[in-house]
Structure formats: C-alpha cells, structure tokens
Amino acid sequence: MNGVRVRFAPSPTGYLHIGGVRTALFNWLFARHNNGKFILRIEDTDRERSTEESIEQIIEGMKWLGLDWDEGPYRQTERQQIYLSHAERLLNEGKAYRCYCTSKELEERRKTALSKGEKPKYDGRCRELNPPAPPLLKGGEGGFDKPYAVRFKTPQEGKTVFTDLLRGEVVFDNSELDDLIILRSDKTPTYNFCVVIDDATMNITHVIRGDDHLANTPRQIQLYNGLGYPIPQFAHISMILGSDKARLSKRHGATSILAYRDMGYLPEAIVNYLVRLGWSHGDQEIFGRDELIKYFSLENINKSAAVFNPEKLLWVNSHYIKTGNPLRLAKDLRPHLVAEKLIPPHTPPLTSPLSPPSEGGEGEVVKGGERGDLITDEEIAKVIPLLQERSKTLVEMAKGMEFYLSKDIKYDEKAVEKFFTPSIEPVFERLIEILEKTEDFSHSSIEGVFNKVVEEFKIKLGQAAQPVRIALTGKTVSPGIFEVISLLGKEKVIERLKTTLQRLL
C-alpha cells in the first residue's frame with residue numbers, strides 16, 4: 001500500500017490513557033507495516049482545558065512506549081490562520097453563513113424543541129440572511145453590529161454514505177443533521193472543522209480512531225466535499241470496556257500510561273497487551289515489535305468491543321520480566337530502586353582526571369557519597385536473575401533487591417521470634433567459622449558448607465537455612481539461600497551473620 005499517512009491526534013485536556021494509547025498503537029503499526037508515515041498532532045483548540053503539562057505527558061508517554069512519529073508534533077493553536085482562511089473560502093462560495101443567534105436564544109429554542117418531543121437541532125433561521133460583514137481574516141463584527149458564529153450549510157436532503165474499513169457501509173440521513181458551527185463568535189474554530197482541514201492539508205490517507213467518533217464522520221465528509229478535498233478512508237475501532245462491560249474508566253485501570261510505568265510495567269508489555277485488545281494473529285499471544293509490524297493489518301481487528309483485564313496485563317508483564325535481558329532490565333529498574341530509597345536519586349560518578357575536584361578532594365565521590373553508592377547497571381543486573389521468576393512488576397523486583405542494596409537489614413519481628421532461639425546461636429557461630437575459611441562462594445560450595453553444619457548439629461537443612469535467610473535478608477521469603485549467599489559474597493555474609501548474633505542472640 002503506497003503513500004499511507006496516518007495520524008494520532010490527542011487532546012491535551014488530561015493524561016494519555018489506555019484507550020488513546022491503543023489508538024496510537026494501531027495507527028503506528030499500520031504506518032510501519034505499510035512503510036507509511038505516522039504523524040503526531042496535538043488538538044489543543046480547547047484553550048480552557050488544554051494544558052502544557054498534558055502535552056508534555058503525552059509526548060513522554062509516546063516516547064516511553066517507543067511510538068516514534070515521522071512528523072510533528074503539530075499544534076492546532078499554531079494553525080489558526082489556516083482555519084480562518086478556509087472559513088472565509090466557504091463563506092465566499094456560499095457554503096457557509098454567519099449566524100447571529102445568541103447562546104441564550106439557542107438554549108431557549110432547544111428547550112422548546114425538547115418540550116415538544118422534537119430533536120433539538122438548529123432551525124437554520126440565519127441560513128439565508130446575507131448582511132454585509134468584514135472579511136474574517138481582518139476581524140471585526142458583522143453587519144448587524146453584533147457578534148456572529150459561522151455555520152456550514154449542511155445538505156438538508158439525501159444521505160451521507162461511506163464505507164468503513166471495519167464496519168462496511170455506514171449510512172446517515174442528512175435530515176438528522178443541523179448546520180454545524182465551524183467558527184465560534186470569538187473566531188475560534190470547532191473540533192470537526194479543524195480535524196477536516198488538518199487531515200486534508202496533511203494528506204492523511206486513513207483515519208483510524210475509536211468508534212465514539214463515528215457520529216462525527218458524516219459532518220466531516222460533508223466538509224471534505226464542501227472544501228473540495230479528497231476523503232480519507234475511515235476505520236472506527238470498537239471501544240475498550242471494563243470487566244463490568246461498562247465504558248473503560250479510571251476505576252477499571254484507564255489511568256495515565258505513565259502511571260503504569262511508575263507501577264513497574266515494561267513498555268513492551270503494555271504494547272503487546274494493548275495490541276491484543278481487539279487484534280489477533282492466530283492464537284499467538286506474545287509478539288516482538290518486529291513481528292507486530294510484520295503481521296498487523298486492519299482486517300484482523302475485531303469488530304466487537306474488547307474487555308480490559310488487569311490480570312492478563314500483569315501476566316504479560318511478568319513474561320517480559322522473566323525473559324528480559326538483565327542489563328536492559330537494570331536500566332528500567334533504576335528509578336524504582338530510587339523510589340524505594342535503595343540507591344541515591346542520581347548515583348554520583350567518580351570525578352575523571354578532566355573534571356574539577358569535588359569538595360571531598362580529587363578522585364572522590366561527588367556529593368560526598370560512599371564508594372558503595374556507585375551502583376552500576378552491571379551490578380544491578382547481577383541480582384536480577386534471582387528475582388525474575390518471582391517478580392511480576394519492576395516495583396516488586398526493586399523491593400526484592402533490598403537484601404542486596406540495603407546496608408541496614410530490617411528484620412521481620414515475627415520471624416525473629418519464631419526462628420531465633422538459643423539453639424541457633426552455636427549453628428551461626430560454626431557457620432561463620434567455616435565461611436571465614438572458605439574461598440569458593442559458588443552455589444555448590446555453599447551447599448556443601450550447609451550440609452556439613454546440619455550434619456554436625458543433627459538438624460534439618462531448613463532449621464539452619466531459614467534463620468540464615470532472615471539474618472541476610474530480614475525476611476522469610478527470598479531467592480534460594482545458596483544463591484543469596486553466593487551473590488552477597490563472603491564479606492557481606494559474615495558481617496550480617498555476626499550482626500545478627502550481636503543483635504538477636
């Protein structure tokens with residue numbers, strides 16, 4: 001398919017949520033599959049509700065997910081003159097007109113129509129008025145010396161018909177539609193008008209969006225026709241529902257996409273899960289990004305609404321954590337380690353010979369931190385294999401890394417009361433004695449040390465291993481005790497065992 005151009009056009013009136021991300025993802029995959037262009041456009045004409053913070057979060061969320069764009073981000077507020085010139089053209093061609101009805105008058109007519117059981121649409125009373133008025137691009141008021149909006153002359157008879165790429169033929173009766181306001185009285189353009197002009201002037205070939213926009217399509221098609229622009233192909237995706245089959249909302253998990261990042265989800269897990277909400281390729285569940293680009297097509301998008309399942313998302317995330325490269329995971333894990341206060345917010349580097357000396361002296365750690373603060377990604381990655389099987393999120397993994405990074409072990413009080421009895425003191429003393437003479441801290445070597453000790457004291461392995469686990473990690477649950485000892489190393493293990501003897505026995 002040649003010359004494909006699609007767009008994602010969020011409104012910055014709030015956060016970028018799950019539904020918006022899936023729309024962006026489908027557009028991005030369609031563009032990449034067809035070697036087309038993916039355009040990012042910020043629809044910020046709602047000046048009262050649009051915020052710079054929302055724009056920044058949208059862009060940050062897109063970057064985190066890896067949904068890169070080929071053009072943009074364009075902002076509608078920077079294109080006002082383009083909209084005004086198009087409105088002027090429609091006025092000059094008699095395809096639009098000035099409407100002098102006030103908001104109060106329109107509201108009164110709406111209430112009257114509703115009281116009669118009629119559809120409350122504009123009655124077209126200004127449609128044939130033609131008072132003198134200055135050009136829009138020069139500003140000013142209308143010939144009646146009062147403000148006016150500009151309405152598009154909607155066809156009053158016939159039908160608007162188009163073929164939706166997902167739904168087939170869709171028909172709207174023109175008599176159901178009134179004359180759309182395209183410019184408000186303050187000369188700001190309305191949503192449907194901006195969308196058509198933007199899509200037309202940006203040469204958008206396919207409009208892939210949620211089916212909540214389906215009702216806007218006939219109005220937009222009429223505007224395309226009125227302006228003489230080619231009509232793009234439309235594909236309206238079914239909405240995502242919550243588990244109760246209601247429209248997805250914050251209580252179902254439709255929170256900011258960056259909130260999922262903060263909860264410890266990986267971007268590839270979010271992408272993989274969302275693409276399967278409404279699209280399939282056989283029975284395959286897990287896809288690499290290259291596979292998604294290769295296989296994606298509109299034909300395989302389901303017409304029925306998808307149901308958001310937080311448990312399934314968590315399963316997908318745990319899969320990517322279990323199979324992830326430890327060094328790559330370490331980079332994503334770092335901010336969560338900071339949040340858990342296990343490493344400093346900005347791990348300070350050693351000063352290089354070319355850097356000015358720090359306050360602590362040449363070659364010392366910036367900010368006065370200790371050498372132990374210099375936790376590299378490689379050091380973090382060493383611990384990750386022990387935690388991958390038991391961590392569903394990066395937050396869980398960060399908490400599980402406390403035993404390795406924390407200098408002050410916090411003991412589970414109930415576990416201490418249960419396992420630290422007087423009989424364990426000689427066991428600890430003997431373990432320390434043997435470990436001080438042990439150079440090989442491999443898994444098999446440590447296992448041999450424990451087997452020797454439990455045989456000497458005629459106890460079960462668990463009777464020694466569990467108290468040692470608590471001494472080294474503070475908890476009754478951790479990765480395998482031999483792996484923990486091997487990872488911590490001789491110095492830390494002996495230090496923690498001695499500290500436990502001093503504190504608890």
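At roughly what angle do the axes of helix α11 and helix α12 cross, and within what distance do they come? In this predicted model, the axes of α11 (residues 326–339) and α12 (residues 377–387) cross at roughly 100 degrees and come within 8 Å. The legends below take up this helix pair and several other close-up views.

View 1. Two packed helices are described by the angle between their axes and the distance between the axes. Angles of 65 to 115 degrees count as roughly perpendicular, and α11 and α12 are therefore roughly perpendicular to each other. On the α11 side, the residues that meet α12 are Pro326, Leu327, Leu329, Ala330, Lys331, Leu333, Arg334 and Leu337. Their counterparts in α12 are Asp377, Glu378, Ile380, Ala381, Ile384 and Pro385.

**View 2. The protein chain as a whole, for orientation.** The secondary structure of the protein chain comes to 19 helices and 12 strands, and buried residues make up 48% of its 505 residues. Of the contacts in the protein chain with a separation of 6 or more, 74% are between residues 24 or more positions apart.

**View 3. The open sheet formed by β1, β2 and β3.** Three strands make up this open sheet, in the order β1-β2-β3 and with parallel pairing. Strands β1 (5–8) and β3 (71–75) stand at the edges, and because each has a single partner strand, one side of each is left without a neighbour in the sheet. From one strand to the next, the twist averages 25 degrees. Strands of a sheet pair through backbone hydrogen bonds, either parallel or antiparallel.

View 4. Strands β1 and β2 run parallel and are joined by four bridges. Within this pairing, valine 6 has phenylalanine 38 in β2 as its bridge partner, while phenylalanine 8 stands opposite leucine 40 in β2. The chain crosses from β1 through α1 to β2, and this β-α-β crossover is right-handed. Helix α1 (residues 18–33) lies across β1 and β2, and its direction is at about 165 degrees to β1. In a regular strand the side chains alternate between the two faces of the sheet. Both faces of β1 are covered, with Arg5 and Arg7 buried on one side and Val6 and Phe8 buried on the other.

View 5. Strand β2 (residues 37–42) pairs with β3 in the parallel sense over three bridges. Isoleucine 39 has glutamate 71 in β3 as its bridge partner, and isoleucine 42 is likewise bridged to arginine 75 in β3. The chain crosses from β2 through α2 to β3 in a β-α-β crossover that is right-handed. Helix α2 (residues 52–65) lies across β1, β2 and β3, running at about 160 degrees to β2. Strand β2 is mostly covered, since five of its six residues are buried.

View 6. Arginine 79 is found in the loop between β3 and α3 (80–92). Its relative accessible area is 13%, and because buried means under 20%, arginine 79 is classed as buried. Leaving aside residues up to four places away in sequence, arginine 79 touches Ile197, Asp198, Thr201 and Met202.

**View 7. Glutamate 439 and its contact with lysine 490.** Glutamate 439 has its place in the loop between α16 (424–436) and α17 (443–457). With a relative accessibility of 68%, glutamate 439 counts as exposed. The side chain of glutamate 439 makes a polar contact with the side chain of lysine 490, at 3.3 Å. These two residues are 51 residues apart along the chain, and their C-alpha atoms are separated by 8.0 Å.

**View 8. Lysine 414 in helix α15.** Lysine 414 is found in helix α15 (residues 413–419), and at 69% relative accessibility this lysine counts as exposed. The C-alpha atoms of lysine 414 and lysine 475 are separated by 9.8 Å, although the two residues are 61 residues apart along the chain.

Methods: Residues are numbered from 1 along each chain as its sequence is written. This is a predicted model: local features need pLDDT of at least 70, side-chain atom pairs count only at pLDDT 80 or more; totals for chains, interfaces and linings use all residues. Side-chain values use heavy atoms; hydrogens and water are left out. Helices (H or I, at least four residues) and strands (E, at least two) are DSSP runs, numbered from the N terminus. Buried means under 20% relative accessible area, exposed over 50%, partly exposed in between (1.4 Å probe, protein chains only). A polar contact is a pair of N or O atoms within 3.5 Å; within protein, one must be able to donate a hydrogen and the other to accept it, and residues adjacent in sequence count only if both atoms are side-chain atoms. Two strands pair if DSSP finds at least two bridges between them. Axes are lines fitted to C-alpha atoms, for helices over the stretch in contact, and angles run from 0 to 180 degrees between N-to-C directions. Contact means heavy atoms within 4.5 Å. A crossover is right-handed if, with the strands pointing away from the viewer, the path from the first strand over the helix to the second runs clockwise. Angles under 35 degrees count as roughly parallel, over 145 as roughly antiparallel, 65 to 115 as roughly perpendicular and the rest as oblique.
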